[in-house]
Amino acid sequence: MNQSFYIGAVGAQHQLYHLNVHGDNIANVNTYGFKANRSYFTALMYQNHRGALNGQADTQLPMGVGTRMLMTGTNQSQGGPADTGRQLDYYIEGEGFFGLVDLATGDVSFTRNGTFAKSQLERPTGEVDENGEPITEMVWCLGDGTGRFVLNREGGLIELDDSGDELPIGIFDFANYDGMARLDETRFLPVDKNGNLWYGNGKLVQGCIERSNVELADEITKVIEAQRAYGAALKMVTTSDEIENTINNLRN
């Protein structure tokens with residue numbers, strides 16, 4: 001089989017991956033706290049061949065076997081604020097993340113989506129009843145509305161009351177954001193190369209939420225590029241197949 005067939009087939013497959021990345025970005029253009037994904041391509045194995053160019057007989061001509069999508073990364077740039085007026089909506093002006101804990105698993109994740117809500121939590125009071133069973137009480141804490149609770153500056157939960165005091169919401173940050181694992185549309189999990197966790201320098205703004213940082217015009221351009229490249233790769237596959245059929249017919 002002609003090598004161009006495989007080059008075109010691999011190229012078409014990875015352009016589909018490329019298209020999926022930017023299609024997902026477009027689908028989340030209105031998702032608060034969403035960070036756009038970026039795709040990175042690399043050349044597959046290639047080697048230099050001797051050839052003639054500009055009268056030089058020993059010119060080295062690079063000949064490769066196509067490209068593939070190497071990885072996806074996340075654009076962690078800040079999205080603009082959306083004014084909601086809700087008391088439990090928060091926006092980080094600058095760098096940093098909100099911390100969320102899942103008490104069922106103990107997992108801690110980080111997000112820029114500050115759409116919070118009152119969440120009930122049952123906790124022991126430290127006392128027991130006449131049967132020796134622990135007595136519990138229900139308290140209201142700040143959560144994300146999906147069963148996770150927001151962390152304060154010391155890494156504890158934030159209890160809600162009617163005092164009207166400013167909530168001690170923690171802002172956490174890392175040395176760099178490269179390679180952070182995406183858990184869902186807005187939550188991230190740090191990896192070793194992100195460095196140690198520290199207090200962020202961002203400013204907390206109440207009554208606002210961070211918009212998605214997706215630039216719709218750029219994403220549509222990327223989608224068009226991926227579609228054109230996909231079509232060119234399929235054309236290469238079709239042409240290679242036609243060449244093989246022609247050669248086989250000549251042999252017969």
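Two residues are said to be in contact, or to touch, when heavy atoms of each lie within 4.5 Å. In this sense S39 touches H18, V21, H22, M69, M71 and T72, residues up to four places away in sequence being left out of the list. The structure described here is a predicted model, in which local features need pLDDT of at least 70 and side-chain atom pairs count only at pLDDT 80 or more, whereas totals for chains, interfaces and linings use all residues. Residues are numbered from 1 along each chain as its sequence is written, and side-chain values use heavy atoms, with hydrogens and water left out.

The predictor's confidence in each residue is given as pLDDT, on a scale from 0 to 100. The protein has a mean pLDDT of 85, and 89% of its residues reach 70 or more. Confidence is lowest in strand β3 (residues 56-64), where the mean is 59, and highest in β6, where the mean is 96. Where pLDDT is low, the predicted coordinates should not be read in detail.

The secondary structure comprises two helices and 17 strands, where helices (H or I, at least four residues) and strands (E, at least two) are DSSP runs numbered from the N terminus. Of the 252 residues, 33% count as buried; buried means under 20% relative accessible area, exposed means over 50%, and partly exposed lies in between, with a 1.4 Å probe and protein chains only. Among contacts between residues at least 6 apart in sequence, 63% join residues at least 24 apart.

Helix α1 has 25 residues and reaches 36 Å from its first C-alpha to its last, close to the 36 Å expected at 1.5 Å a residue, the expected span being 1.5 Å times one less than the number of residues. The buried residues of α1 include H18, V21 and H22, and these three are also among the residues that S39 touches. S39 itself lies in strand β1 and is buried, with a relative accessible area of 18%. The side chains of S39 and H18 are joined by a polar contact of 3.2 Å, that is, a pair of N or O atoms within 3.5 Å, of which, within protein, one must be able to donate a hydrogen and the other to accept it, and for which residues adjacent in sequence count only if both atoms are side-chain atoms.

In the loop between α1 (3-27) and β1 (37-43) is K35, which is buried at a relative accessible area of 0%. The side chain of K35 reaches the backbone oxygen of S77 at 2.9 Å. Residues that K35 touches, beyond those up to four places away in sequence, include S77, R112, R182, E185, F188 and E210.

E215, in the loop between β17 (208-210) and α2 (216-251), is exposed, with a relative accessible area of 52%; E215 and I26 are 189 residues apart in sequence and 8.6 Å apart in space, C-alpha to C-alpha.

A nonpolar core is a set of buried Ala, Val, Leu, Ile, Met, Phe, Trp, Tyr and Cys residues joined through side-chain atoms within 4.5 Å. The largest one has 13 residues, of which F116, L142, V150, L167 and I169 touch the most other members. Strands β6 (90-93) and β7 (98-102) each supply at least two residues of this core. A second, separate core of 12 residues includes V101, F110, L151 and F174.

Six aromatic pairs were counted, the rings of Phe, Tyr and Trp (its six-membered ring) being paired if their centres lie within 6.5 Å, with planes under 30 degrees apart counted as stacked, over 60 as edge-to-face and the rest as tilted. The ring centres of F98 and F116 are 5.1 Å apart and their planes stand at 85°, so this pair is edge-to-face. Because F98 lies in strand β7 and F116 in the loop between β8 (107-111) and β9 (117-128), the pair ties together parts that are 18 residues apart in sequence. F110 and F174 also form an edge-to-face pair, at 5.2 Å centre to centre and 90° between the planes.
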